[in-house]
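Have a look at the structure first, and then read on.

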Amino acid sequence: MIESINLEIDNFLSLIPNISREQTEAIKTKYSSNVTDDLSKGHITTNACMIAASILKTNPKELATKLEQQLTLLNKYEKVESAGPGFINITLKRSDFFSAVHSANRNPENFGTSEKNKGKSIQIEFVSANPTGPLHVGHGRGAAYGDALSRILKSSGYKVEKEYYINDAGRQIDILTASVFIRIYQKEFEDFFPKNAYKGSYISEIGDAFASKNNYLEIDASSYINDLPDDEEKEIDEIILRIQKSHGELWSSIKDFALEEVLDSIRKDLKLFNVSFDHWFYESTLGSVSDEASQISSAIDKLKTKQLAYEENGALWLNTNSTGDDKNRVLIRDDGRATYFASDIAYHKDKIDRGFDKLINVWGADHHGYIKRIEASMEGLGFDKERLNVQLVQFANLFKDGKKVKMSTRSGEFFSLGDLINEIGTDAARFYYLSKQADQHLDFDINLAKSDSKENIFYYIQYAHARIFSLQKKYLEDHSEEPSEAESVVSGSYASCDKLIHEINKYPEMVLRASTSLQPHIIIFYLRDFAQVFHSFYNDNHVFKESDENIESIIYTLNAAKKVISNGLGLLGIKPMDKM
């Protein structure tokens, strides 16, 4: 119905004297028509006259009066009236007001979806945690956000591809390998363990698994630990270098084994968390700077051609100052090794070369300063940086029994994502990760998430779904099938469902808003308000004490309400509950 109203508004705009085509298009792109926040303002409201008046430098109330008259003459609406500084509020005829309920009942799986972005493709890269240990609860927020966002974007017509970027070619993987190596030969190393190595129990488990599948090799541990630097970073780097030189083949075997064991753990946790990926991209496939045919070399050569990469003090630098970065950045170190930045440039070139219309990177908030660098490299490679959208996600602080839990993989003392799933379940975990705007601070209280109270919004919404299921079940005890119409509601003789119907009308708009703004929490806020309206209706009305006609109308309306909750939760990757 909103689209039909907008067409009438556009027709009105075209008839304004002396309006230019440019002005008309500017107004069309800026005004909006939406379901009203409450029924006292009618069903649909538009700010078209306010936007038009601002652009045309005219009186918005005068425009609103003229639009009100034109829409009234169409005789399509129950009532049209101007309000405030230039709003138009429209009350629909009952059949049009109720049409969303029919849509939800007749095509339930697709209710709320649109084809607005049909034919456009988006790639979303998220999680991408270093494969050096199990996912901790800090990673869970990005996982829930990226996955929910992909579902919401698909619902608005986008073709979406989800990708996990595996950092398997950097120093952190070397530290992982050295940590596992020492655990395998811990008897030889006795009490020694590097300060900067990974200390979690999973390291010992990987070491035990490797030892059980491979022949034990005699080593001289003293050759790795004598005369080490005092600096923690230099200590682990020296140990890595010594092991690589002494046992290169063994090093490679442990490295490959440890990487796949950690990745297997990550994949299993993500599967439990209802997160899947279309593509797992290995950093190592980008090659090395020493290989002229590699993707890294190709990207760097293009930057050199554009005269954005330059040599200084034996290193190769990228000029990122031009895009607002605080200083230029190293691509190739003076010892010939590529930086993480060089790999990331090659990776983004690969993504763009695959032909996506838009790229979305979901990064931790600590990567804020990295955005300008990537934008500079994309522009240097000849691509429009506007095709890249970086969404920053704040890590969540997890609290249990009033105490903050630890999330440090390196120390070995952390609460894993798997632990959280075991504690409260996948659905509750996803819900609370998504319950606030992703770039805002989030305190996640496990005790609240497990409580059966109104303060637990997850429980409150699920309870609404379960209550409707219970009403449906009771109705079917005396009827062979669910109702197929709602005459008393459509006619207006029974109006107690009107607030609920009004909320159902809002649902498609909310989904599109979440898609456009890339903010899944909008769906949760909507479902919270929707559940409140339903619970109020449930508490104020004794459904099965109504007339048969009214009961039929109510159940038909509630069938649509239940589908709204189910579809909304589905966009968040959450299963609705029929029983609590």
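Let's start with helix α1 (residues 2–14) and helix α4 (residues 60–73), whose axes come within 11 Å and cross at roughly 120°. Helices here are DSSP runs of H or I with at least four residues, strands are runs of E with at least two, and both are numbered from the N terminus. The axes are lines fitted to C-alpha atoms, for helices over the stretch in contact, and angles between N-to-C directions run from 0 to 180 degrees. α1 and α4 are therefore oblique to each other; under 35 degrees would count as roughly parallel, over 145 as roughly antiparallel, 65 to 115 as roughly perpendicular, and the rest is oblique. Their crossing is right-handed, a term for a near helix turned clockwise from the far one by less than a right angle, with anticlockwise making it left-handed.

On the α1 side, E8, I9, N11 and F12 make the contact, and α4 brings L63, K66, L67, Q70 and L71. Contact means heavy atoms within 4.5 Å. These residues divide into five nonpolar, two polar and two charged. In this scheme Ala, Val, Leu, Ile, Met, Phe, Trp, Tyr, Cys and Pro count as nonpolar, Asp, Glu, Lys and Arg as charged, and the others, Gly among them, as polar.

A word on where this comes from: the model is predicted, so local features need pLDDT of at least 70 and side-chain atom pairs count only at pLDDT 80 or more, while totals for chains, interfaces and linings use all residues. Residues are numbered from 1 along each chain as its sequence is written, and side-chain values use heavy atoms, leaving out hydrogens and water.

| Helix pair | Axes come within | Crossing angle |
|---|---|---|
| α1 (residues 2–14) and α4 (residues 60–73) | 11 Å | roughly 120° |
| α20 (residues 457–477) and α23 (residues 521–540) | 9 Å | roughly 45° |

Now for the strands. Four of them form an open antiparallel sheet in the order β1-β2-β4-β3. β1 (33–35) and β3 (79–83) stand at the edges with a single partner strand each, so one side of each has no neighbour in the sheet. β1 and β2 (residues 44–46) pair over three bridges; two strands pair if DSSP finds at least two bridges between them. V35 stands opposite I44 in β2.

β8 (residues 309–312) and β9 (residues 315–318) are antiparallel too, over four bridges. They form a hairpin with two residues between them, and N313 in the turn has a positive phi of about 55°.

Another open sheet has three strands in the order β14-β13-β15, with mixed pairing. Its edge strands are β14 (403–404) and β15 (442–445). Helix α18 (residues 426–433) packs on this sheet, touching β13 and β15, and its direction makes about 155° with that of β15.

Finally, how many aromatic pairs does the structure hold? There are 27, counting Phe, Tyr and Trp rings (the six-membered one for Trp) with centres within 6.5 Å; planes under 30 degrees apart are stacked, over 60 edge-to-face and the rest tilted. Y165 and Y347 are a stacked pair, with 4.1 Å centre to centre and 15° between the planes. This pair links distant parts of the chain, with Y165 in β6 (residues 159–166) and Y347 in α15 (residues 340–353), 182 residues apart.
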